[in-house]
Every structure is written in structure tokens, then in C-alpha cells.
Amino acid sequence: MKKALTAALLGMTLSLASPFCLAEAAPTPGIVVAHYAKLVHAGYADTVSSAQAMKQAIDAFLRAPSSGALAAARKAWLAAREVYGQTEAFRFYGGPIDDENGPEARLNAWPMDEAYVDSVEGDPRAGLVNNRKQPITKKALAALNERDGEENIATGWHAIEFMLWGQDLSESGPGDRSYKDFIDGGAPNADRRRQYLKVTTELLLDDLQALVRAWAPGQASNYRARFEKGGKESLRKIFVGLGSLSRGELAGERLEVALASQDQEDEHSCFSDNTHRDAVTNAKGIENVWLGEYKRPGGEVLAGPGLRALVAASDAGLADRTTRRIRASVEAAEAIQAPFDREIAGARDAPGRQRVQRTIDSLVAQSRDLVEAANAVGITRLTLVQP
């Protein structure tokens, strides 16, 4: 009977309306860890699918640059970010994405010195694109990423973003790079600009596909196989990931720093003005893991025993409070308006700054709730990433 119940919990796909009956089943840490691994694999697989769609749109643009094709490539980038942003909850514990050999710095490093890659206002010859002696290959760009400085970003989502939008020189909207930058005769080194966008997109897909393999089910020796055998240590890692994203990364690096500096260069997706959605998807990723739910791009919902169900078996009141706090953080992030660089401007009591501050405050509070929730299930050794 126990084995049957375990199998049912692991394989069950429920509607959003009724996932929390699982809390009554008092799942074991092993069951929660196994369902988490399922969510991680689905999140990365969906990110690969959305990135492949982005690549198709970029390839179409590079074959025949036009304003319409560029708009389609930008739209595909934004759609892929909606999926990837939720996977940020799977970081910060030395897993496949951010161990010493992980691709995280190649995927999502920021802020970016645009002049490291391409021409910028006032310096038309800047960047790797305009240095015709510099090979543009996956190996070369991977080696150049963050060379001689953390802002020397050569690869990943934000390098692609910069190539598609260009510098954001507008107070009311995103960057407005011309498609003519990619047409021979329209701008210097257009051939290298096309090559750069092509190669960075391919490298991004390679790194994402490696993460899917690391978390693929049914493998004897990949990271998921070891993680599912990790018991309470794997459970600790899940809490570390959520708490670190809540406090150190999202509340701290991505919101507090920009709010304090009021500098557009400190916002996460500054070229596309997509920073407000980055905050929402990151917060939603935390909620996904806490609840044990993930809504896939096609509408399918994966639902099973998450941290909430485990904590509720020990302290139902704490589980409910943490659930409400996490939901409040998502809603606070959703209230942040675009463009983000206008939200962080002005005096302390400016409406935009207050919206960002409310999100920070909620995320900080939820990180404390997550630490308490971990303690409730016997995990007392948490080392969270701090801002």
C-alpha cells in the first residue's frame, strides 16, 4: 500500500484547483525531492523548447534582416525568458548550473558592458564584433566571457538581448537597434554581427541542453540520480535555492542594488526593458517549488508534493503563512511597472520606488519564513546567498 501511494504521488498530475490534498498525505523528504527533480527537468526542457523557437526566429532574421523579422526575434526572446526566469529557483546550491564547471555565468551573467561586445554611442569601433582579428566561435566567446572583469559579458541571454535591441537610450521604452545593423552596407562589420548573434544563440542552447541531460529521468549516473538519493541533504539544497534567490539574488542584487543606485546599468534586462518580468518569473519560480506545481507553456500543470506539504505535516500554521507570503511577493512583483528604470527613479516616496521596495520587503520576509520552514522539518544548517 505504501509503495502504491508513493507511486501515485510521484506520477500524479493535478489541476491547480486541488493540489493541496497532498499535504494530508505527509510526504517523506524523498518523495518531495523526487517531485522537485521532476519539476526541474520540466523547467529546463521547456526552456530548451522556447530557446529553440527563439533560435528559429533569429535564424529567419539573419537570413533576411527586416524590421518585421527583428520584431519576431525579439518576441521570441521575451517568450523564452518567461520560461527560463522560473528556473532561477534551481540555483545556488552547487548543482549542474552553478557548480565550478556550470554554465550559469555563460547563460545569465549581468550587468553587461555593451562596449565589450559591439559599438556603442560615441564609440562606433568598440567591441569584439568590430575587431576583425577576433574569431567568433563558441569556444572563443565562452573563453572571453567575463575575461578581465565580471561586466565583460560575451555570451548568454543578455548578450543576445543586446544584439537584438541595442543600447537602451530611451527613458520611455527599450533599445531600438536597427535591422540595418545586420545588413552588409547598412553598418560596419554587419557580417560579424550576424555571426555573433548566431553563435551566442547556439551556445546558449548547448548549455541549456546540458542541464536537461543532467536532470533527465531514468539515468544511472547523472546529477538527478544522485540528487534523488540525497535524502535530507537534497532537501536542504532545495531550501537553500529558494532562500538564496529570495534574499540574496532577487531582493538584493536584482532589486536593492538598482533601487539604491537608480542606474539603468544595474537593471537585469536593461536593453529590452524586461526587468519587471524577470522579477515576476523569479518570484513565481520560488512559488512553483514551494507548492510543488509548475504550469508548462502549453498549459499542462505538473503538481505533486512540494515543500509546503512537507512543512504542513509539522507546522500547518507556518506552512500557510509562508504560502501567503510567497504569493504576496509574486503579486508585489507583478505590480512593478515597465520600464523598470523609471520605477527606480525619483525620491524615496515616488510610487515606482515604493512598488519596488514593497517587493523587496516581501522577499526578505519570505526568506525568513523559509528558514523557519526548513527548521520545522529538521534542517538547521542553511547557508543562504546574501546580497
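Begin by selecting D273, which sits in the loop between α9 (231-261) and α10 (275-291); helices here are DSSP runs of H or I with at least four residues, numbered from the N terminus. The model is predicted, so local features need pLDDT of at least 70 and side-chain atom pairs count only at pLDDT 80 or more, while totals for chains, interfaces and linings use all residues. Residues are numbered from 1 along each chain as its sequence is written, and side-chain values use heavy atoms, with hydrogens and water left out.

Although D273 is not a glycine, its phi is positive, at about 55 degrees. Is D273 buried or exposed? D273 is buried, with a relative accessible area of 7%, where buried means under 20% relative accessible area, exposed over 50% and partly exposed in between, using a 1.4 Å probe and protein chains only.

Next, select E146, in the loop between α5 and α6, where phi is near 65 degrees, again a positive value in a residue other than glycine. E146 is partly exposed, with a relative accessible area of 30%. Most residues other than glycine have a negative phi, and most peptide bonds are trans.

Two peptide bonds are the next stops. The bond from W110 to P111 is cis, with omega near -10 degrees, and P111 lies in the loop between α4 (104-108) and α5 (138-144). The bond from A338 to P339 is also cis, with omega near -5 degrees, and P339 belongs to the loop between α12 (316-335) and α13 (340-343).

Now show helix α6 (residues 157-165) together with helix α7 (residues 190-214), which pack at an angle of about 150 degrees with their axes 9 Å apart; axes are lines fitted to C-alpha atoms, for helices over the stretch in contact, and angles run from 0 to 180 degrees between N-to-C directions. The two helices are therefore roughly antiparallel, a term for angles over 145 degrees. Which residues of α6 meet α7? They are W157, I160, M163 and L164, and their partners in α7 include R193, Y196 and L197.

Finish with the largest nonpolar core, in which W215, F239 and W290 touch the most other members of its 97 residues; such a core is a set of buried Ala, Val, Leu, Ile, Met, Phe, Trp, Tyr and Cys residues joined through side-chain atoms within 4.5 Å. Helix α2 (residues 29-63) gives the most to this core, with 13 residues. Select W290 to find its contacts (heavy atoms within 4.5 Å), among them F239, L242 and I326.

Notes: Parallel < 35°, antiparallel > 145°, perpendicular 65-115°, else oblique. Lists of a residue's contacts leave out its neighbours within four places in sequence.
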